[in-house]
Amino acid sequence: MRKKEKEAVEKLSKITTIALKRGFFWPTAEIYGGKAGLLSYGHLGKAMKNKFENLWKEYFIKSNENYYEIGSSVILPEKVFIASGHLEHFNDPLVECKTCHFRFRADQFLESRLKIKVEELTPEEMSDLIRKNKLKCPKCGSWHLGQVKWFNMMFPIQLGAVGIKDMAYLTPETAQASYLAFKREFEATRKKLPLGIAIIGKAFRNELSPRQLITRMKEFHQAELQIFFDPAEINRLDKEEWKQISKYKLIMLPQKEKKVKEITCEDTNKKLKLPKFYVKNLALAQKFYIEQLKIPKSKFRLRELSEKERAFYNKIHWDVELELETLGEFREVGGVHYRTDHDLGGHEKYSKENLKIFYNNKKFIPHVLEISLGIDRDIWALMDIFFKEEKERTVFSFPITVSPIDIAIFPLVSREAMPEKAKEVYNILKKDLLCFYDETGAIGRRYRRQDEIGTPYCITIDSQTLKDDTVTIRERDSMKQKRVKIGTLLVELKNIM
Ligand code: GAP
C-alpha cells in the first residue's frame, strides 16, 4: 500500500473509532451485526446534524424572501417516477459472477482494478473492459463474469394488500416532493417567481456497494432547494445584485481544464457562458462552504460534469466537491443543477394536471435550478477536514456553527461547593447554548475529551470563583484561558463565538 493510501486508511480508522466510542454514529442494528449502507446517529452526531440543518435553513432559505420549507411523505406513487424519468434512468451498472452469483457495481470494480474513470462508458463498453483485462470475480476469483446490465436503484414498495398492485417507491431524492407541491405553493405564496421550495429529509437508494461509511448509504439525508424561475430571466439579474457578486471569485474545475482556477462571477458568465442566475447560485453554494462551514479554499472546488456524467435531468451540472484525505480524493458533497422544465413538464404530462402558470404576461412551465446537498456526506467531510492530531491531544476544530456542543462546564474538583456553583453556571448558559456538564476526572483529561469531540469552549469553576465570582474560559484551538465575571459570561461568550 502506498504511503498516502496507508495514511488515509489510518485517519479513517481513527475518526471512525471516535465516532463509535463518543456517540457520533454507528451501524444500525449493530447488535445484530449491522447492515451495510444503514447507519444511525448517536447524540453527538444528531446534535451536529441538527446544527448543520439549522445553518442550511438560515443561510439558503433566508437568502430570498420568497423561499420556503415544506415537508412530505417519503413514499411516492410509481407515476411520480415514471414522470420524473427515475424508473427508466436511475440506474447503476451491475455485473454478476456466473459462478458464485455475487453481484457488484461494474464501474467501481473497473475503477479500483484499472485505476481509470469509467463514468462515461456504456454497459457494453464496461463488459468489454472486463473481458479484455481478464478481470476475475472479487469474491470467488472466477473468470466467468456476466454482461454488465443497468440496475434500478429505487426501493419498490407495494402499498395495496397482497394481490392488489399499487406500486410506490421510497423517494431517491427529496426534490420530487417539491415539484409535486409546486402548484399549491405557487398559489399559496402570492404567485411570485423566483419561488424556492426547500425540503430537508430522507432519500433512499439501493446502493449496490454501500461503503465508505456515511458517504454512500442506502438511507440518507438531503437538504435540497428547488428554485422555480422564468427561463427568459436566466441571464438577467438585478443590476445591484450582480454588482455585489460580479468580482467574487469562484473556485472552478471546468470540464476542459486539468487544474482548478479562480474565476470571477463576471468571467464565469462571459467566458464560461454560464447564465447569471446560475452563477449567482454557484456563488451562494460556494459561500456556504467557505464562509459558513469554514472549509479551506484549497479543499473546495466546483467541478463541471460532462454531458455523459450529468444526471439525466440536468442541462447544466456542477458538483460541489471537497478534498477528503480519508477517501484519498475530492468527493462530491452537493451539486448545483439546472433541471429546466424536465420535472414539472414530466409531471404535467403524466398527471394531466395543468402546471403552467401565468406570469410576466405569458403562460409557461417554470424552469428549476436546484441546490442539492447530502447532509451525511457533509458531516463526514467536516469530520475529515477538521480532524487534527497534536502531540498530546486529538482535536476536531469544528466551527461553532456545527460543533455538537457549544460549551463544556467543569468544576475544577467535585468538592468545596464548586459543583454547585458550576451547575448554577450551567443553568444560566443552557437557555442560550448547547452545554455539557462534567465533574469527574482530572481537569486536563476533561479538556482532552472535549477537544476530541470538537467543543470550542470549556468553562472552569475553581477556588477563585468562590471568592470573586469569576470563571475561566478555555478556547479549544489555542488552549488559551481568560478569566471573566459570571455576570458578563454570556455576553463575553457571544462576543468571541
Ligand atoms: N436532487 C438531486 C440529487 O439527488 P445527487 O447528486 O444524486 O442529486 C445529491 O444527490 C447529494 O446527495 C450528493 O451530492 C451527496 O452528497 C448525497 N448522496 C447521494 N447519494 C448518497 C448516498 N448513497 N449516501 C449518502 N449521500 C448521498
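Me: How many residue pairs are in polar contact between domain 1 and domain 3?
Reply: Three residue pairs, counting pairs with both residues at pLDDT 80 or more. Keep in mind that this is a predicted model.

Me: Which elements of domain 1 give two or more residues to the side that touches domain 3?
Reply: Those are α1 (3-22) and α2. Helix α1 provides the largest share of that side, three residues.

Me: How many salt bridges are found across the interface of domain 1 and domain 3?
Reply: The rule finds three there. As a separate example of a salt bridge, the side chains of K21 and E452 meet at 3.8 Å, N to O.

Me: How much area do domain 1 and domain 3 bury between them?
Reply: About 600 Å², with 52% of it on carbon and sulfur atoms. Six residues from domain 1 and six residues from domain 3 take part in the contact.

Me: Back to α1. Which residue forms a salt bridge with E10?
Reply: K6 does, and the closest N and O atoms are 4.0 Å apart. Both residues lie in helix α1, four residues apart, which is about one turn of the helix.

Me: How many salt bridges does the count come to by this rule?
Reply: It comes to 48.

Me: New topic, the sheet. What is the order of its nine strands?
Reply: The order is β3-β10-β11-β19-β16-β15-β14-β12-β13. The sheet is open, and its pairing is mixed.

Me: Why is one side of β3 and of β13 left without a neighbour in the sheet?
Reply: β3 (67-69) and β13 (261-264) stand at the edges and have a single partner strand each, so one side of each has no neighbour in the sheet. From one strand to the next, the twist averages 30 degrees.

Me: What packs on the sheet?
Reply: Helix α2 (residues 43-60) does, touching β3, β10 (195-204), β11 (219-229) and β19 (367-374). The direction of α2 makes about 5 degrees with that of β11.

Me: And β15 with β16, parallel or antiparallel?
Reply: Antiparallel, over nine bridges between β15 (residues 316-324) and β16 (residues 329-340). V320 stands opposite G334 in β16.

Me: What do strands of a sheet pair through, in general?
Reply: Through backbone hydrogen bonds, either parallel or antiparallel.

How values were computed:
Residues numbered from 1 in each chain as written. Predicted model: local features only at pLDDT ≥ 70, side-chain atom pairs only at ≥ 80, totals over all residues. Heavy atoms only, no water. Pairing = 2+ DSSP bridges. Axes fitted to C-alpha atoms, helices over the stretch in contact; angles between N-to-C directions. Contact = heavy atoms within 4.5 Å. Buried area = accessible area lost by both parts, 1.4 Å probe. Polar contact = N/O pair within 3.5 Å; in protein donor to acceptor, adjacent residues only side chain to side chain.
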